[in-house]
Amino acid sequence: MTPKRKRLWLVVGSLAVLGFAATLVLTALNDNIVFFYSPTQMAEKKIPPDRRFRMGGLVEAGSVKKSADGQETRFRVTDTNKTVEVVYRGLLPDLFREGQGVVAEGSLGADGVFVAREVLAKHDENYMPPEVAKALKEAGRWKESK
Amino acid sequence: MADLHFLANPARFRRLSQRLLPSLSFATVLMLAFGLYLALIQSPPDYQQGDTVRIMFVHVPSAWIAMGGYGLLAALGASLLIWRHPLAALMARAAAPVGAGFCAVCLLTGSLWGRPMWGAYWVWDARLTSMLLLFFLYLGHIALSRAYDEPERGDRAAAILALVGVINLPIIKFSVDWWNTLHQPASVARLGGPSIHTSILVPLLWMAVTLLLLFVLLVLLRTDTEIDRRRLENAEQQA
């Protein structure tokens, strides 16, 4: 084997080992790397009340209710499998709306309602001009293939 | 003998780059002018983001180029360590700060987009964190290559770092698929084709080509300078 060959295999071998090690570490840390839990994951994990974490999903259509003073918002977050009730006091981001993705940080109350201290809007991967969005909605093809 | 070998290839490279640079600069300026028109004036606003979508025309190409630039560093590192290619070390020195610049632009523009859209300048999700790591890998490469009195030792150390850091590239790309992130999943390089309307996709791809040309242009220019610098240092040592 020429020295060049040897060095080539050394580099390829080291990278393979490194890649394998990185995979193991990332798999082991999976729980810490996810940014939020979906309602289904929340149910599986059985998170105790008062532990702070983030949860996320879609804001269920028709579920958003403002309190009389307009400061408190109640809505339901769903992953289409499980649904969690959320209550939040404060300003919501511009993109917050029904049917949109959302990530909330807070903790579960004793009654199972998620008390959010911060609400972030999640944007999806679809980009289009307003006219196209309108046309898709009118044609009844909204979000069917995406 | 080693010196002759060193001069042979870079000299050829230099002749080539000198021939390329004028037309490349001209093309970059023209494409950038038209690209900015497409991105800022001609293209429509997004149905949800409004005009904020225009940040993407700089943000996304910068991210691609920052990642591609790091891939280039890794390839150059491999060709230095395995084949001892004399030009590789010089080009890596030239490319690292340019890549770091694109990476910084990506992080800053993303942050400016995040505040109005998400409601936060920064969150520690997998995509943002791995992209920040890429920026630090670039900074590490720059620092390491300049950390020794003998430039060759710095070149070798930086080459090893470039190869180790390449593991981060698939992590960045697939972070949005492997873990729950706040960052949206891929819109262009995805199975099932792009999920961006043509009127927004065209300016995006145009800007991507333009900024890639800018990257190539800057790296060529800086490589020329590195060749001159190394020659000067060698001459000084012999004098």
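## The domains of chain A

Chain A is divided by the domain assignment into domain 1, which covers residues 1-33, and domain 2, which covers residues 35-138. The C-alpha centres of these two domains of chain A are 39 Å apart.

## Where chain A meets chain B

In the predicted model, 39 residues of chain A are in contact with 42 residues of chain B. Between them the two chains bury about 3,500 Å², and 63% of this area lies on carbon and sulfur atoms. Three residues, A:Phe35, A:Glu125 and A:Tyr127, supply 21% of the area that chain A buries against chain B, which is more than any other three residues supply.

The count of salt bridges between chain A and chain B is one. In this salt bridge the side chains of A:Glu125 and B:Arg190 meet, with 3.8 Å from N to O. The pair crosses between chains, since A:Glu125 sits in the loop between strand E6 (114-122) and helix H4 (130-138) of chain A, while B:Arg190 sits in the loop between H6 and helix H7 (198-238) of chain B. A:Glu125 has a relative accessible area of 16%, and because buried means under 20%, this residue counts as buried. B:Arg190, at 25% relative accessibility, counts as partly exposed.

## Helix H3 of chain B

H3 of chain B is mostly covered, with 24 of its 32 residues buried. The helix is followed by B:Gly119, whose phi is positive, near 100 degrees.

## Helix H6 of chain B

Helix H6 of chain B covers residues 168-178, and the residues buried in this helix are B:Asn168, B:Leu169, B:Ile171, B:Ile172, B:Ser175 and B:Val176. An α-helix has 3.6 residues a turn, so residues three or four places apart point the same way.

The cover over these buried residues of H6 comes from both chains, and it includes helix H1 (3-28) of chain A as well as helix H2 (56-83), helix H4 (126-145) and helix H5 (151-165) of chain B.

## Salt bridges within each chain

Over all chains the count comes to 16 salt bridges. Side chains of opposite charge can pair when their charged atoms come close. In chain A, A:Arg74 forms a salt bridge with A:Glu72, and the closest N and O atoms of this pair are 4.0 Å apart. A:Arg74 is partly exposed, with a relative accessible area of 35%, and A:Glu72 is also partly exposed, with a relative accessible area of 23%. These two residues belong to a network of salt bridges that links A:Asp69, A:Glu72, A:Arg74, A:Glu85 and A:Arg89.

In chain B, the side chains of B:Arg153 and B:Glu150 meet in a salt bridge, with 4.0 Å from N to O. B:Arg153 counts as partly exposed at 47% relative accessibility, and B:Glu150 is partly exposed with a relative accessible area of 45%.

Definitions and conventions
Residues are numbered from 1 along each chain as its sequence is written. Chains are lettered from A and ligands numbered from 1 in the order in which they are written. This is a predicted model: local features need pLDDT of at least 70, side-chain atom pairs count only at pLDDT 80 or more; totals for chains, interfaces and linings use all residues. Side-chain values use heavy atoms; hydrogens and water are left out. Domain bounds come from an automatic or database domain assignment. Buried means under 20% relative accessible area, exposed over 50%, partly exposed in between (1.4 Å probe, protein chains only). Helices (H or I, at least four residues) and strands (E, at least two) are DSSP runs, numbered from the N terminus. Contact means heavy atoms within 4.5 Å. Buried area is the accessible area (1.4 Å probe) that two parts lose on being put together, summed over both.
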